[in-house]
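Here is a short briefing to read alongside the model. Take a moment with the structure first, and then we can walk through it topic by topic.

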Amino acid sequence: MATEIGVWIAALLTLAIYSFLYKDNPLYKVAENIFVGVSAGYWAVVLWYNYAWPNLFEPLVAQGNLINLIPIIVGLMMFAPLIPKISWLIRIPLTFTMGVAMALVILQRIQGEIFPQLQATFLPLSGVSLVEVISNFLIIFGVVSTLVYFYFSKAHKGVLGVFAKLGIWFMMVAFGASFGYTVMARISLLIGRIYFLLHNWLRLI
Amino acid sequence: MKQTLPLIIVFAFGFFVIIAFFIPLGAFQSASQTFETWYTGVLAFFVFIGIFNIVKVNANKIQRRLSDWQYSIILLLFLILMMGAGFIGGPEGGLFNYLFEHMQIPLGATMFSLLAFFVASAAFRAFRARTPEATLLLIAAVIVMIGRVPIGYYIWRGFPGVVEWIMNVPNTAAKRGILFGADLGLISMALRVLLGIERSYMGRGGE
Amino acid sequence: MSRRVVMTATMWLLTTRRIWLSFFMLLIFLVLANQVELKAYDTPNDDGSSITLNWPEDTLYNNYTIFRAVDPEGEFEKVGEIADRTSYVDTNVAGGQDYYYQIEAHGADVAQSSGVVGPVRAVSHIFNTSRINIAVCIIVLFAAIIYYIRRARRGEALYIRKIPGITAMEEAIGRATEMGKPVLYVPGIMDIDEPETIASMSILGRVAEKTAEYGTPLYVPTSKAMVMSMAQQVVKEAAIRVGRPDWFNIDNVRYLTDDQFGYVSAVDGIMVREKPATNFYLGKFYAESLILAETGFSTGAIQIAGTALPDQLPFFVAACDYTLIGEELYAASAYLSQEPVQLGSLKGQDVGKLIFVIVVILGVLDRIIGFDVMYNLFSTAQQ
Amino acid sequence: MNILDRISSIDRRIIFLLVALAVIIPLLIPLGLPVDVSKPVRDVYDMVDSLPERAIVVVSCDYDPGSEAELTPATVAILEHCFRKNLRVYLMGLWPPGPELGNLALEAVAPKYERVYGVDYINIGYRPGGPVMLVSLGRDVADLVRADYAGVPIDSFPLGRAVKSARDIDLVVTLSAGDPGVLHWIIYFSARYGTRIAAATTAIMAPQQYPYLSSGQLVGLLGGLKGAAEYETLVETTGRATAGMDSQSIVHLLLVIFIIMGNIILLYEKRRR
């Protein structure tokens, strides 16, 4: 068994959370609240040392870089709702960040996703092996039929209906794949914890 | 003022960033850089306000003796402990890292691993082939689940190849179709925000 | 004939002592043939802050040193070194100044200089021509969306197809009424700035109308305080609309906790205690989707789910009776609310999808013919 | 009461116990099942392997303790490869706890190859601002990064000065557990600046990455713990990922049996009606 106190703390907290599987209980709730408290504190400290001090405050205090006052003042407006009279000021940081972020969403989704993904769908249907021709055809067909499924302006009847139906089949296979992978992820996390208990704490492996 | 100024801000900054994307002139690029830096600065305050809200909600809970208020004391205690350790000892201070390594990591890692058990019980109870669509989903899921782990390879050497094909062909096709649809949705929402038609995000601040 | 020439030459070489000379000549020839062919030009579409150099790949060399001068006759100074690449961008240039470049290539045991190229000058461009395609795309999409929103606002009825999950909603509420059990509506765990949550609120309005009409209790537990106040307003207004203001009970629309797992276990508690006959999960969900759907299944409720995140859809599809997949959630919200902005945007997005389908088909045909026009049209390559 | 009825009304805690045993037993008594290597993983390996010595690789730890079990083994395996190839590592994170988790991995791997902090690798810590930050990071690293994770000015390190913009970066490897993460590296960084991106993601996110693999926007992909185990196989180390693969196999088998049994019960119930 491990002798360091740290490993014991970690192991006991791990077991406290697993006690939830039996039923909800005070031990679990204690662990849960420690987690929220510790993570929030961690965020604050890291943000300060990594970013807020060297990028915002230090240039202002040490180098007299007054332009940094702008993001600081706008950022402080996030606290405006505490004073009802000026609570509307919070809209300034909200709209500023939304403006910049949404503009970049428009640009980058087109440059980084729509265009390259369209290009990647222009697949060759000749001059490659038969398996590839079939696979490429299925990809093109799958993309088109999925798009047809999400076309809301026409009733899904006739040819459109057939495409939509096939679109949903493609999606179901894709969701099945995601499902398998998600299961894998959750199990991996469990393995990680049990490995910790057996290896670092109990020293069995 | 309360309505118009925010709408002018969102419109002006948004369209400036879009236009600057197409204009390589130095002035436009450095202005973009400045706005993006400000954005990051303002966003840092979002985190601070998040922490502030956690404190407010829990202090309120303790003060009004709402149900389970005792746990809020624990939460605040550890929040203060972590911040104290970090701000007094520095981010590389012993206690700060100790708390991170021996409390935050195991707690965070264990929290989500609980889901492994729920996946298992759901696999038994809820994942049923009630419709043709659900059947297709389950078959694909079972192939991936077996084919992606070493036992699949052990049972049949061709398994990983089948899984890769599923991932590369039907999965890619459907995910790409979904992606195009989602991108259009996002762009249309972004446009509505920039034009001030969509304002619900402002509600976070109250009236 | 050439064969004879080569033969004679070889014979001549081999039979004389001039073989050494020929070796020397061959070396010179190789060196000359391998002289690095350097190209230098103003970086296109930039702000005039750089000059791009490139040269053909050669397996003999892997390290390159770049020299620059302001006068071809003057002193060349080293500006950079680069390994395993055949291009270099000099960013340390002054606008309007003429520059001359030369590079030196180094291999395992060979070194070679290029000729001097120049003059080159860094020029500031006003429009990035390589991004015209993106500009056109933005204009087309914006135009389509704005056009349809305006049409919808003018009161024009825009058609949206029926979505299976919506018809099922009414039946499911009816079933709960028959069984005398409540309805549970979970609007996801995110705040009201998420589009999914906004869509969920429009759908909640219709669900509340129906439940109020039938007098069935409706529980709406939320994970965010803002969502709670919005949901209370929505439910209350719905009750007033159908003339049942007495039905609205503010305690049924409650804020539980922000914490993800705390919220799920509390919602699970409601399911187990109250045994609602119908569960709606509409909004943005993460890992909790699985726990909710499984618990709901075990209590025997009819479950209708909808979310846009593909990661969580599989659990809903496998464990719920009806699932609104991805954008169907927004379509359902537009369909039920008949709000012009939502209807118009949806229609505009449909135009976008139609364009994408046409582009894909043209692109594939183009590929078969072998023109690659479409491919180049959608190129976003860096220059 | 018939046996199927009894099974269908089984207490879920018994299922929990079975799952726990299916994980514990193979960890104690390893089966040593062979790990096959898939193409997306090999592509990452080949990419890293083809980089010239002293090339700069950005390793972005975009995860938190919740996904530590899946992504730390991948981080360790990639760092192992980078240091062995004498590449320079520029570690950062889009999630606050990421760089500290990365630091634990660095501390485990760097001494093995005698790599020096500030010269061979550096940790620039958490970078807030998500996608918008990535756009400005690619344009001007120096403007954005002023200090390393411990608050030491970046200019005091030789490696700190070596990266000025996206042009100086040869490869970005993102270890990604959600947003912001791999998607944002692709569409906000790579699409703008042309930098190559390789990724290790949680298994949940892996299927979403295939469209980017097929378009070449992603160089390669390590999907979940299995991806990490494959990378461990390629760099010839046995870490936590390889150790977990037997348990992973057995639990998957168990779950497939659960799914099949659940559906047999469904059929049986249908027929009885």
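In E13(C), which residue is the bridge partner of Asn279(C)? It is Gln303(C). Please keep in mind that this is a predicted model. With that said, let us start from this pair of strands and move on to the rest.

**The sheet of chain C**
- Asn279(C) and Gln303(C) are bridge partners, and the strands concerned, E12 (residues 278-284) and E13 (residues 302-307) of chain C, pair in the parallel sense over five bridges.
- These two strands belong to an open sheet of six, with parallel pairing and the order E11-E10-E9-E12-E13-E14 in chain C.
- At the edges you will find strand E11 (253-255) and strand E14 (322-325) of chain C, each pairing on one side only.
- Neighbouring strands of this sheet are turned against each other by 15° on average, direction ignored.
- Two helices of chain C lie across parts of the sheet: helix H6 (residues 225-241) lies across strand E9 (183-188), strand E10 (218-222) and E11, while helix H10 (residues 328-337) lies across E12, E13 and E14.
- As for direction, H6 of chain C runs at about 175° to E11(C), and H10 of chain C runs at about 95° to E14(C).

**The sheet of chain D**
- Chain D also has an open sheet of six strands with parallel pairing, in the order E3-E2-E1-E4-E5-E6.
- Strand E3 (121-126) and strand E6 (221-223) of chain D each have a single partner strand, so one side of each is left without a neighbour in the sheet.
- From one strand to the next, the twist averages 15°.
- E2(D) and E3(D) pair in the parallel sense over four bridges, and Gly93(D) has Tyr126(D) as its bridge partner in E3(D).
- Helix H4 (residues 68-84) of chain D packs on this sheet and touches strand E1 (56-62), E2, E3, strand E4 (171-176), strand E5 (197-201) and E6 of chain D. The direction of this helix makes about 160° with that of E4(D).

**A mostly covered helix in chain D**
- In helix H6 (residues 130-139) of chain D, eight of the ten residues are buried; among them are Val132(D), Met133(D), Leu134(D) and Val135(D).
- The cover over these buried residues comes from several chains, including helix H4 (91-121) of chain A and helix H2 (26-63) of chain B. Chain D itself contributes strand E2 (88-93), helix H7 (141-144) and helix H9 (182-193).

**Where chains A and B meet**
- Chain A has 109 residues in contact with 103 residues of chain B.
- About 10,300 Å² is buried between the two chains, and carbon and sulfur atoms give 83% of that area.
- On the chain A side, Trp88(A), Arg91(A) and Phe96(A) lose the most area to chain B, together 7% of what that side buries.
- Phe96(A) is also part of an aromatic cluster with Phe13(B), Phe16(B), Phe28(B), Phe35(B) and Trp38(B).

**Aromatic rings**
- Over all chains, the whole structure holds 46 aromatic pairs.
- The rings of Phe141(A) and Phe163(A) have centres 5.4 Å apart and planes at 35°, so this pair counts as tilted.
- Phe141(A) lies in helix H5 (residues 130-149) and Phe163(A) in helix H6 (residues 158-201) of chain A, so the pair ties together parts 22 residues apart in sequence.
- Phe141(A) is partly exposed at 22% relative accessible area, and Phe163(A) is partly exposed at 24%.
- Arginines sit over rings too: Arg193(A) lies over the face of Phe196(A), 4.6 Å from the ring centre, and the charged end of Arg131(C) is over the ring of Phe21(B), 3.9 Å from its centre.

Terms used
Residues numbered from 1 in each chain as written. Chains lettered and ligands numbered in written order. Predicted model: local features only at pLDDT ≥ 70, side-chain atom pairs only at ≥ 80, totals over all residues. Heavy atoms only, no water. Phe/Tyr/Trp six-rings, centres within 6.5 Å; stacked < 30°, edge-to-face > 60°. Buried < 20%, exposed > 50% of the residue type's maximum accessible area, 1.4 Å probe, protein only. Lys NZ or Arg CZ within 6 Å of the ring centre and 35° of its normal. Contact = heavy atoms within 4.5 Å. Pairing = 2+ DSSP bridges. Axes fitted to C-alpha atoms, helices over the stretch in contact; angles between N-to-C directions. Buried area = accessible area lost by both parts, 1.4 Å probe.
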